Each structure stands twice: as structure tokens, then as C-alpha cells.
Amino acid sequence: MQSLMNAELKRINTMSRKLLLEKAHVEGIRHYDVYRREGGYRSVEKALKMQPNDIVEEVKKSGLRGRGGAGFPTGMKWSFLAKPDGVPRYLVCNADESEPGTFKDRYLMEFIPHILIEGMIVASYALGSNNIYIYIRGEYDWITDILEEAIAEAKQNGWLGKNIQGSGFDCEMYVQRGAGAYICGEETALLESLEGKRGNPRIKPPFPAIKGLWGCPTVVNNVETLAAVVPIINEGAEEYAKIGIGKSTGTKLISACGNINKPGIYEIDMTISVEEFIYSDEYCGGIPNGKKLKACIPGGSSVPILPANLLLTTAKGEKRLMNYESLSDGGFATGSMMGSGGFIVLDEDQCIVKHTYTLARFYRHESCGQCSPCREGTGWMEKILLSIEKGKGKMSDIDLLWDIQRKIEGNTICPLGDAAAWPVAAAIRHFRDEFEWHVNNPDKCLTENFGLRHYADPIHVPV
Amino acid sequence: MIQFKEASLIKVKEIIARYPPEKQKSALLPVLHLAQVEFGGWLDVPVMDYVASILNIEPIEVYEVASFYSMYNLKPVGKHVFEVCQTGPCMLNGSDNIIEYIKQKLNIGVGETTIDGMFTLKTVECLGACGYAPMMQLGKIYREHLTKEKVDAIIDECRAKAN
């Protein structure tokens, strides 16, 4: 409990600290003049006077973890980049935001595109890359226009192109649209796509840091990760690392959706509790129509769903916090993951079987088809879940689903297999009685929902 | 004969110039987007062959890409394509009802086009608008927080554009 109290104190000290969205509501911030007037591009000025390696060290010290979902330390990823003589290096921004529940990068790019551009220039200088590609999901067509306009503004003002601000550093930036494929959010599939091919993930090693885009050393970072480089350089790694707790430093964008009063994007410092995030008016504002919380997927559709009791409190009985460590406390048995920060809330009237079916359908649709466990398994899971949802399932189907997900997990080239397996596994792990109820009540399940049963117990769930 | 307009050809050159020499295949996705807009909203085989010729790659390299990505249409579509999201977060907010309503209103099923060639209904998987559900993509932009009334208004708006 002591650590919790410290966290609480820390939270009060740093409450509502915004690093990325601080200026999001300034009128005209999308455009260069306003962005610059509000202090934009200071981090580039500062960085260009530093040694590239010192910037990498600074990012390492900040504790920044990749914001795309995996949470890998960014500074370490940068330090792996191979630097053979005479071979170009590339920085690629992963803006292929496609994980159900996740819509945070879109917000940054749409409203404050210059913070991404600024962060990428600093990163590119640190990595010694002279070309940056932003790979954005094809559906974000209008955001591509916003980014291209912002890039043109940055270039006109000497932040891109040749000899940036007289430093001798050259850098060009381009936006490339995908064309509808979740798998291209996986970094090697993204690189394949950027090379004009199908988005089939590559076998690793070699990692992109050694052989990436066109066989050259490449760093691929998420939009939010690259934007976070700006406050790290401006304020210094130590100041940045003071925000948050443990290995969850800085702020995190959470995109909240599902059955909540205030869906949207929230920049949190990672010391707040899940309960506060859901029920406080500063964030989600509670569940609409006085309904109760049934379950939640806290980090994008791939991470395990948790019933209300395990979501708000860990198995040890501690308040669960919105950070990497606390959300994963208890492993997959009783915990989940921070993932991409796609926070999906289900109220008491939602059907776990149906919801899991829509996710299984998603992964079947998005499987690239390279590995048979994923290609075949996702199709099987979708069909079985649909049949249970429609009251046509057998009791043995539940075990069959469990068996299939076990045979996908860990047996594929890329993590899409795991991502497809985990939601099904977690739904059965925590809501098996709801699946059984569907099998035992084939007619009733077509007109009624299973409801809450024991999930909201034993702890008190505020209404 | 299939040929990009002058402005598009300039755009193609610009796109190819983003990549190192000999890496023009990287332009394939952007050029297919351009082609789909310019040649009637879908990619017929001769159009794909044309794209192969201007990028100096084999036609099969274009087909395999065009058939992989969901945004490329390999058969004709209506003038206005309603792409309604049906994944988890949209489902939680009633996307099923919106899809049903559009089906009834336009008298078509998913994947079908109205007889007048005006509307196509497609269901799609997560478009990254989960907080603004239910939603659909219509051309370049998203229509969010959909209700039956909003769907009516969108249909009227599309029809008005045609007149």
C-alpha cells in the first residue's frame, strides 16, 4: 500500500500535466505560424547543437517506451541501428493505426501535425537518417493532406530540406498511404508495403535496425513515440522521467471508446487508477444510462479482456493503475496489457460472445495468410464463435476454441497470430459461463443477454 | 487507350522521385490510389497493366498487391460507396442497426450496388474512429456518430450531388 500512497502523492503533484496535447486547443495550432509562436520547433534548435549520440542517450534516460503497443524502450531500439559506411539509414513513422479501439495517432496528426514533424526531425538527426517516410493507413486520406501541408510549411521555414537551420543536416520527409491492411502496422509488413508489395511480415532476424527498408538499416517508430521526443528534448530526460511511475514514464495518450459517457482522447500521467479513468468527469465520465461496468479491454482489441472486478483491482487486491506494470499485473491469468492505449468499455448489456466474435472476424479478415495456424485458425475461431452466438454451438466448441487459440499463439511469423488468439482466450478464461449459457439456452440467447452475473462482484462497482 | 491525365502523370513522377533510383516499385500503392480515382473507382485488369507499364514492373506484381489491400476495388462500385465499420467498438454502439437500416433504405445487401449505380454498401473492419461510433467512410472523409437521421441526410446529399 505504501507504493500506492506514494503514487497518489505523485499524482497530485503532477496532475493533468499535458506534454503532447497541451496546445491542442490553441486556435490554428495545425498551422506553422501558430505552432512556432507557441514554442514549436525549439527541440530541433536544441537538438541540432547536440551530438546525435547524446540525443539517443537522452531518449534512453527518459524511459520512453514505444507507444504503438509493444512498449519496447525507444532509446534502446535507436541504439541497435546499424551504421555501416556508405549505406543510407531510414526513419519510418508507423501511422498505420488500425488496432480496434485505437484512434489516438489520428488525433495528433489531425490537430497538431507539427509536433510529429518536429519529433521526427530530431529523431532523424539523432539516427543520421536523411529520409523519413510516414506510412499512414490509407483510410486516413484527409489526414494525409493535413500532413503534406504541414510538411510543406516546415520546409518553407527551413526545418526540412538541405542544410536545416544552417546545421549542415539534410532531411526530407514524405507521406505514403497504405491501402487497407491492419497487418501493415507490424513493422516488417509495413516495410514490405512501403516497397510496393503485399504486407507479408518478414522473418526476423534480421531486424529492421540491420536490414529494413530496401535492405538498409531502419528505425520504425509509432506516431506518439516520435511526438514524445519533443518534450523529452525540450524539458530534458530527467524531467520527463519524473512524470509517471516505475517503468511507465511520461504521459500516454489513451483513446477511450465503447460504453462510456465521454469517448475521446485523453493524455494521462500513468499514475491514475483505472477506476478514476472510467468514472471521473475529467476522463470517461462513467457508463451511460446508469448502467454497470461489465468488462473492458484496456489496450486495444488484441490484449486480454478483463471483467470489472479484475479490471479495477488486481488479484492482490490493489487498485489497478493505468500504466504498463499495473495493467499487466497478474499476467494473463488475472491481468491484461497497456498495449496501444485503446480502451474499450463494455456495459452490463453487452454480450461477450458477440463482441469476441466481431474481433475474431476482424483478425480473420486481416490475417495476411502467410502462416497456416493464423490463416486457418482465425477462420475457424470466427465460424465457431458465430455459431455459439447464434445459439447453434455445442459444449465441445468451447474447448475446441481454446485448443485452436493455443495452437495459433507463438506459432506464427508475426504477432498477429497472438493478437488473434488472446482475445478469444481471455473471453473464455473469464466468461466461460457466458459461453456455456449460450450453448444451454439456444433460443433465449437470441433475444436476451447473459448480463452481469458474478463479474461485478465481489467489489463495489460505482454506478 | 488507358492513359493518366497530364496532372496525374506529373504526380506519378513526383511520387517516384521520393524513392532512391531503381526503387520505383515503392510507388505502387500511391499510384494505384491515383488510378482508382481516375479510372472509375475500381481497378480493371487493363488499368493494372497500365500501372505496371509506367512503373516498369510485371503485371502480376500489380495484381498481387491490388488483391491484397481492401481499399482497392477489383469490380465496379457505385458512385458513392458506404463503408460501414462493424468491428467491436462500433458494434457496441449500434453499428448493426445502422447497417440494417442502410440495407432497407437502399434495398441492397452488403457488397451490392443499387440498380441506378448510385450507391454501394460495404462493411469494413475498424477504421480508427472508435470513439465516434458508429461510423462510415464516404469517399475521402469519415461520417461519424451515425444515426438513422444522419444516414437519411447523407443519402439525400449524395443524390443532390448527382442532380
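Mentor: Let us begin with a term we will need: a nonpolar core is a set of buried Ala, Val, Leu, Ile, Met, Phe, Trp, Tyr and Cys residues joined through side-chain atoms within 4.5 Å. Please keep in mind that the model is predicted.

Trainee: What makes up the largest nonpolar core, and which residues have the most contacts inside it?

Mentor: The largest nonpolar core has 160 residues, and those with the most contacts inside it are A:Trp78, A:Ile134, A:Phe435 and B:Tyr69. Helix α19 of chain A, residues 416-440, gives this core its largest share, which is 11 residues. There is also a second, separate core of 27 residues, including A:Phe277, A:Cys296, A:Ala308 and A:Tyr324.

Trainee: Which residues is A:Ile134 in contact with, leaving aside its neighbours within four places in sequence?

Mentor: Among them are A:Cys93, A:Ala95, A:Leu116, A:Met120, A:Leu147 and A:Ile151, and also A:Gln176.

Trainee: What makes the pair of A:Gln176 and B:Ser26 a polar contact?

Mentor: A polar contact needs a pair of N or O atoms within 3.5 Å, and here a polar atom of the A:Gln176 side chain lies 3.0 Å from the backbone oxygen of B:Ser26.

Trainee: How do you know whether A:Ser280 and A:Trp214 are buried or exposed?

Mentor: The cut-off for buried is again under 20%; A:Ser280 has a relative accessible area of 17% and is therefore buried, and A:Trp214, with a relative accessible area of 13%, is therefore buried too. A:Ser280 sits in the loop between α12 (274-279) and β9 (293-297) of chain A, where its contacts, leaving aside neighbours within four places in sequence, are A:Glu275 and A:Gly285. A:Trp214 belongs to the loop between α9 and β4 of chain A, and its phi is near 50 degrees, a positive value in a residue other than glycine.

Trainee: What is the peptide bond from A:Pro205 to A:Pro206, cis or trans?

Mentor: That bond is cis, with omega near 5 degrees, and A:Pro206 is placed in the loop between α9 (187-194) and β4 (218-222) of chain A. In chain B, a cis peptide bond joins B:Ala133 and B:Pro134, with omega about -10 degrees.

Trainee: Finally, how many cavities of 30 Å³ or more are there, and what lines the largest cavity?

Mentor: The count comes to three cavities of 30 Å³ or more, and the largest cavity has a volume of about 70 Å³. Among the residues lining the largest cavity are A:Ile183, A:Cys368, A:Gln370, A:Thr412 and A:Leu416, and its lining divides into six nonpolar, five polar and no charged residues.

Note on methods. Residues numbered from 1 in each chain as written. Chains lettered and ligands numbered in written order. Predicted model: local features only at pLDDT ≥ 70, side-chain atom pairs only at ≥ 80, totals over all residues. Heavy atoms only, no water. 1 Å grid on protein atoms, 1.4 Å probe; cavity = no way out; pocket = protein on both sides within 12 Å on 5 of 7 lines; lining within 4 Å. Points joined across faces, edges and corners; volume = space filled by probe spheres on them. Nonpolar A, V, L, I, M, F, W, Y, C, P; charged D, E, K, R; others polar. Helix = DSSP H or I, 4+ residues; strand = E, 2+ residues; numbered from the N terminus. Buried < 20%, exposed > 50% of the residue type's maximum accessible area, 1.4 Å probe, protein only. Contact = heavy atoms within 4.5 Å. Polar contact = N/O pair within 3.5 Å; in protein donor to acceptor, adjacent residues only side chain to side chain.
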